[in-house]
Amino acid sequence: MESKDYQRKTICPQRSWQKLLSWISISLIVALPGYILIPANSVLAQREIAQSPLLSKNTIYVNPEDGDDSNTGKKSAPLQTITQALRTASPGSTIQLTNGTYSETTGETFPLIIKDGIMLRGDVRNQGYKTIIKGDGYFISPTGAGQNVAIAAVKGASGITGITVTNNHSRGHGIWIESASPQIISNTLTRNGNTGVSVNGNSSPTIEDNYFYNNSGNGLLVYGTSQPEITNNTFEQTGFGISLVQNSRAKISDNMFDGNRIGIILEGNAQGTLRENEIVNSGESGLTAIAQARVDLGTDEQPGNNIFRSNKKLDIQNATEQEIIAVGTEVNGDTQGKINFDRGTFVANNERPSLRDLPPLPSRRRVAQRPMPQPAIEPPPANLPAPPPVIASNTGNKELIFTPNSSSSRTVVDVEPVPFPPQFKTTALNSNSSQVSSLSDVLGGSARVKYKVLVEVLDSSEEREVRSLYPEAFKTIYQGEPWLQVGAFSQWDKAKRAEQNLIDLGLGTYLIE
């Protein structure tokens, strides 16, 4: 694939007229300043409004190079750090960022917490191309335990727009949304160790016109009972473009997915409604649905107009017992499972438990004491996303398989951020197989391959946690350092299940072959 800049592609030729009308409207505004002619729902309209100096009467200006935290924060006397701006901002303020890189080097303290109606705004017109926030910090999530986060948008957050976010930590999230409904518009999320944007709890954010590029685990991950609206984004060269899990619901429309491992994946009781999306060049499948997930790709009343093409294994992979209705959706490759392209009505499952009914996620009081590792991959140039790293040849036993949720503090430079798993089991997804309940059941492995799961423990308490799950775990030395090995597995899914059990305890793991 050719090198990428941060500019979006045109998703479908038939939509180009809409963008032409938007540009005409903006041109008319210049000629007729007394009239408002921008379509209210257009992305360009939101960009123009976001850039308006009248958006907030209380704007705090920040400049990482020429600012000073002893200044007033006015345009003529900007602060140096977002951290200081957040300390001094009154509810409803807008924090306006000058182009530059905001990191620990320039004085930032992470995570940056957005709340109280505060809007964090950079270069909206260019999706934050030169307004870069780079860093990571420990965040205690009420629904997701301890997490490594660059920016956390909590209850009352107004929005984040016009910035680039990078969190190189192996478990790093760029933007973490916690039971909030901010506007996440016209940003770039790139080279985050886990996920670009993670939506948690009971959130209903607007996620529009963002560029997700080369994030190791997920571009966008949606948990809990969240219901985001996901419109007009681009997801490129990442692990899973969008992951919907637990009891989440999402409207996914007018997005481009190009060159991801899997374009969209739904697990648990998640539900997704897809309209006007283009999903191409996926390393595995364009869309995968497992467990009790439900997908609406188009009905008699509302045709989907989704396009799937050039996905290497499958365009659509339905490993659930429910039929996927896909009226008006175009596929050019193979599909698997029950899919109806001719007619049908999608019936949503409205039996959604509240957050109280969800099983509690484990928390660890001492996870903050863990040493933060150095980035596993050298950071990209300040203004351009670096291409995905390639596994070096002849690495022997030094090649470690990372997973998107790995929390280990050990790093290896010459590994691919998202390893492709072994080939699919042909029996796992045929029409006569039993219902698939988890992703690990889909990504099967060969019985001839042995996988070892190693876990890092820092003290006797953590060792007891591991042995409570795996009593026969034994101490071993790998690359000169001590580990606990919980076993050797002949199947990938069993090894992954063991690894996930340890990750749920907040422990660092390695899965090696």
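Biologist: What does the secondary structure of the chain come to?
Modeller: Six helices and 37 strands, taken as DSSP runs numbered from the N terminus: helices are H or I with at least four residues, strands are E with at least two. This is a predicted model, where local features need pLDDT of at least 70, side-chain atom pairs count only at pLDDT 80 or more, and totals for chains, interfaces and linings use all residues. Residues are numbered from 1 along each chain as its sequence is written, and side-chain values use heavy atoms, leaving out hydrogens and water.

Biologist: In what order do the ten strands of the open sheet run?
Modeller: The order is β3-β6-β10-β13-β16-β19-β22-β25-β28-β31, with parallel pairing; two strands pair if DSSP finds at least two bridges between them.

Biologist: And which are the edge strands?
Modeller: β3 (100-102) and β31 (330-331), each pairing on one side only.

Biologist: How many bridges link β13 and β16?
Modeller: Three, joining residues 188-190 to residues 211-213. T188 sits opposite Y211 there.

Biologist: New topic: which residues touch the most other members of the largest nonpolar core?
Modeller: L120, I133, I151, L220 and L287, out of 56 residues. A nonpolar core is a set of buried Ala, Val, Leu, Ile, Met, Phe, Trp, Tyr and Cys residues joined through side-chain atoms within 4.5 Å, and buried means under 20% relative accessible area (1.4 Å probe, protein chains only).

Biologist: What is L220 in contact with?
Modeller: Leaving aside neighbours within four places in sequence, its partners include V197, I207, F212 and I242; contact means heavy atoms within 4.5 Å.

How values were computed:
Buried < 20%, exposed > 50% of the residue type's maximum accessible area, 1.4 Å probe, protein only.
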